[in-house]
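Colleague: Could we go through this model together? I would like to begin with local backbone features and then turn to the chain contacts.

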Number of protein chains: 2
Amino acid sequence: MRVVVPFDPRDPNSRLSPVLDADQRREFAAAMLADVLSAVRTAGGAPEILSTAPLDVDELAGVDSEIPVTVDDRPLSAAVNDGLADELPTAVVMADLALATSDAVERLFPAEDDVVIAPGQTGGTNALVVRSSGFSVDYHGASYRDHVAAAEAVGASVATVDSFRLAVDVDDPEDLVDVLVHGEGAAAEWLREAGFEVVVRDGDPVVEPND
Amino acid sequence: MRVVVPFDPRDPNSRLSPVLDADQRREFAAAMLADVLSAVRTAGGAPEILSTAPLDVDELAGVDSEIPVTVDDRPLSAAVNDGLADELPTAVVMADLALATSDAVERLFPAEDDVVIAPGQTGGTNALVVRSSGFSVDYHGASYRDHVAAAEAVGASVATVDSFRLAVDVDDPEDLVDVLVHGEGAAAEWLREAGFEVVVRDGDPVVEPND
């Protein structure tokens, strides 16, 4: 299965700026991308990077330099829909799924439905498989609901993959807790090596530098 | 399978107070409890409520009045550990899993491991099954990690259930987005009937009254 992984190298994970500076966010985003690409490949997928800006893959630690890169600076949905027009079936898996494992990604592939969706936290769509040419994506807002409606509108069947590992996209500092607790790859390792750990503040786990 | 569902009727879901007043939070908490109990029963479990305060089940809309209630005003972990001492295997499923379906709950039951854990967002433990008498719970902090360590310390095998529906516990207002997008039961219906809807603000889905 062809798997498109959208990636924005320009100012990645800006919501993490209370915890990580710009250089750290670039390194951490590359580590998450490496984890996603690795999980996709181990699950039997053929990953491609869809980048918003020119990208030197050799400079991304842990990313195989042979992985194809397409550069498209348009908004995410337009670029993905062009990718869907090229070839079907195609899967689209977000680059910031730092908990994704090959077992979790494998759950996307076997279903025969026209559209298979792994929801993200807070109404989003973190991964999907498209087998039907009439379907297009729109990631704006509560996209899970919109994608189900868009599939139904063209008579496409829909299946949902109920996965915590695919539901966690790293947006906010509190998501880093789950990266350290559940992550098994480069992103969790990067956080640990950069000196971050989970501590409990007022009863809630948070991620802080351990100095 | 005996399934203990801890419930605190005193000031439930206090973090939702920016959106729901105290009466609304009590009604909404009862609706979530009814959904969890229903999903457990349909999945083949025998639910019991473990309440921090005396509870008139007849006053909880949608909750079967025949469901056994144990009142224990101690902290959650102590009360649950007493429940585990009574009988094994026992499952413990949190009352605020508003996305839980019987399909999701069923995934907890078949594994033969001594401890089966469904993680919650931000390091937590939202559901678990205990078959080993040496294991006890401690819900403080990043409890998923602590529960895995506690099981390993007594030589108990551990399995994890990778479920988005079991990972979402309703703590904060943003969690209400997922209740409206994915919920199939009384909690989602309560929100809709109370006039709440998902709208997009600055690109992010949020739940607001529709007036």
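**Hairpin and interface**

Modeller: In the hairpin formed by strand 8 and strand 9 of chain A, with 2 residues between the strands, D202(A) takes a positive phi near 50°. Strands here are DSSP runs (E, at least two residues) and helices likewise (H or I, at least four), numbered from the N terminus. This is a predicted model, in which local features need pLDDT of at least 70, side-chain atom pairs count only at pLDDT 80 or more, and totals for chains, interfaces and linings use all residues. Residues are numbered from 1 along each chain as its sequence is written, chains are lettered from A in the order in which they are written, and side-chain values use heavy atoms, without hydrogens and water.

Colleague: How many bridges join strand 8 to strand 9 of chain A?

Modeller: There are 6, between residues 196-201 and residues 204-209, and the two strands run antiparallel. Two strands pair if DSSP finds at least two bridges between them. F196(A) has P209(A) as its bridge partner in strand 9 of chain A.

Colleague: Which peptide bond of chain A is cis?

Modeller: The bond from L88(A) to P89(A) is cis, with omega near -5°. P89(A) sits in the loop between helix 2 (76-86) and strand 4 (90-93) of chain A.

Colleague: How many residues are in contact?

Modeller: 28 residues of chain B are in contact (heavy atoms within 4.5 Å) with 28 residues of chain A. The copies meet through the same surface, because 100% of the interface residues of chain B are also interface residues in chain A.

Colleague: What area do they bury?

Modeller: About 2400 Å² between them, 55% of it on carbon and sulfur atoms; this is the accessible area (1.4 Å probe) lost on being put together, summed over both parts. T122(B), D162(B) and F164(B) supply 25% of the area that chain B buries against chain A, more than any other three residues. T122(B) also has a positive phi of about 60°, although it is not a glycine.

Colleague: How many salt bridges cross the interface?

Modeller: The rule (a side-chain nitrogen of Lys or Arg within 4 Å of a carboxyl oxygen of Asp or Glu) finds 4. One of them joins R15(A) and D204(B), at 2.6 Å from N to O.

Notes
Buried area is the accessible area (1.4 Å probe) that two parts lose on being put together, summed over both.
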